[in-house]
Amino acid sequence: PGLGIGIGIDDLPIRDELRGKTPYGAPQLDVPVQLNTNENPYPLPEPLVARIAERVAEAARGLNRYPDRDAVELRTELARYLTRTGGYEVGLGNVWAANGSNEVLQQLLQTFGGPGRTAIGFEPSYSMHALIARGTGTGWISGPRNDDFTIDVDAARRAITTHAPDVVFITSPNNPTGTAVEAETVLALYEAAQEVKPSIVVVDEAYVEFSHRPSLLPLLDGRPHLVVSRTMSKAFGAAGLRLGYLAAHPAVVDAVQLVRLPYHLSAVTQATALAALEHTDTLLGYVEQLKAERDRLVAELRELGYEVTDSDANFVQFGRFDGPGGAQAAWRKILDRGVLVRDNGVPGRLRVTAGTPQENDAFLDAVRQLKKEQS
Ligand code: PMP
């Protein structure tokens with residue numbers, strides 16, 4: 001009787017590994033203060049908006065044609081940005097771009113993972129690593145962390161040696177904990193990952209511009225199986241643009257082209273990203289403000305008596321909420337005060353994204369009241 005009734009997902013012949021699963025779903029609720037998806041709270045500055053309009057108009061005149069399949073101008077500019085800020089010189093041949101770093105990660109797993117292969121991540125970490133593994137038919141191994149959410153190097157090395165994964169994910173700074181990873185840790189895990197068989201090590205640096213520490217980009221030197229993944233969603237304040245990229249040995253860039261869809265990066269996307277890169281310095285100025293606000297959130301939450309994980313990202317993990325209802329009940333109470341934060345499923349803990357000073361004040365008011373109620 002018409003479309004839309006009578007049949008559910010379970011009635012469809014979907015792949016077994018997708019059966020009974022739920023899609024990625026941070027709630028998109030219409031509340032006054034939204035601090036739940038690690039977005040940048042600052043809208044793009046008006047001169048940049050005008051420049052995007054100009055560059056997109058130019059691109060529109062050629063939309064009857066397919067876009068530059070290799071995104072040469074954009075990758076050249078991304079390489080310039082990495083070289084300028086990452087402490088290591090990379091060029092066009094080292095950089096690849098796609099629709100958000102999620103697509104970059106998917107292309108990496110399509111290339112180096114897949115059926116009969118496995119990937120490992122050290123959890124809690126970015127949930128999409130496991131979900132993209134599932135979507136690409138890659139087996140998932142959940143590796144350990146210390147109680148303070150740093151990577152337990154010996155245990156991680158053992159897990160890599162035992163399972164011999166084809167892909168290793170290291171997220172630095174880590175989401176949802178905010179924890180940065182030491183260069184020595186990456187090197188130890190890279191070595192371990194090469195011992196059994198040559199594996200690809202992906203360092204997910206989605207939040208690195210907010211870190212107190214420099215980028216791990218220089219570790220690419222002499223390590224052809226290392227990949228650094230980046231995004232314009234956070235530091236560039238352009239989550240809606242969908243532009244992610246990676247830096248690696250040129251052979252890795254050649255390899256992902258085996259799986260990328262032809263013309264995957266639209267001419268509009270390329271034009272918009274190029275406009276944003278022209279305004280890098282202004283956008284990195286906002287990053288400095290957000291870093292200061294992040295540090296303020298850490299300090300004030302600690303003053304209120306919360307347990308706070310050190311953060312190198314644009315968000316802060318705090319707790320503990322071990323009472324009745326746990327983190328979920330606390331999440332709801334903060335939401336009742338008009339502030340949306342994130343329950344990532346880490347027991348007793350929530351995550352708040354650094355917003356504008358006013359948004360952060362509203363959040364701090366909400367958790368101050370919560371603390372009073374609970375004491
Ligand atoms: N990596 C990490 C660690 C993230 O937290 C996110 C966004 N939440 C991404 C990658 C993906 O971001 P995007 O696809 O917007 O680049």
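Reader: Which domains is the protein chain divided into?
Author: In this predicted model, the chain falls into domain 1, made of 9-45 and 282-374, and domain 2, which covers 46-279. Their C-alpha centres lie 23 Å apart.

Reader: And how many residues does the contact take from domain 1 and from domain 2?
Author: The contact takes 29 residues from domain 1 and 29 residues from domain 2. On the side of domain 1 that touches domain 2, α9 (280-303) and β10 (315-319) each supply at least two residues, and the largest share, 8 residues, comes from α9. Sorted by class, that side of domain 1 has 13 nonpolar, 8 polar and 8 charged residues.

Reader: Switching to the ligand, how many residues surround the ligand, and which are the closest?
Author: The ligand is surrounded by 13 residues, of which the closest are G100, S101, N102, T231 and S233. Helix α3, residues 100-112, gives the largest share of this shell, with 3 residues.

Reader: What does the shell around the ligand have by class?
Author: The shell has 9 polar residues, together with 3 nonpolar and 1 charged.

Reader: Now the sheet: in what order do the strands of the open sheet come?
Author: The open sheet has 7 strands in the order β2-β8-β7-β6-β5-β3-β4, and the pairing is mixed. Its edge strands are β2 (95-98) and β4 (139-143), each of which pairs on one side only. From one strand to the next, the twist averages 25°.

Reader: Last topic, the helix pair α1 and α8: at what angle do they pack, and how far apart are their axes?
Author: Helix α1 (residues 46-60) and helix α8 (residues 267-278) pack at an angle of about 145°, and their axes are 8 Å apart. The crossing of α1 and α8 is right-handed.

Reader: Which residues make that contact?
Author: From α1 the contact uses L48, R51, I52, R55, V56, E58 and A59, while α8 brings A267, V268, A271, T272, L274, A275, A276 and E278. By class, the contact of α1 with α8 has 10 nonpolar, 1 polar and 4 charged residues.

Terms used. Residues numbered from 1 in each chain as written. Predicted model: local features only at pLDDT ≥ 70, side-chain atom pairs only at ≥ 80, totals over all residues. Domains from an automatic or database assignment. Contact = placed C-beta atoms within 7 Å. Helix = DSSP H or I, 4+ residues; strand = E, 2+ residues; numbered from the N terminus. Nonpolar A, V, L, I, M, F, W, Y, C, P; charged D, E, K, R; others polar. Near = placed C-beta within 6 Å. Pairing = 2+ DSSP bridges. Axes fitted to C-alpha atoms, helices over the stretch in contact; angles between N-to-C directions. Left-handed = near helix turned anticlockwise from the far one by under 90°.
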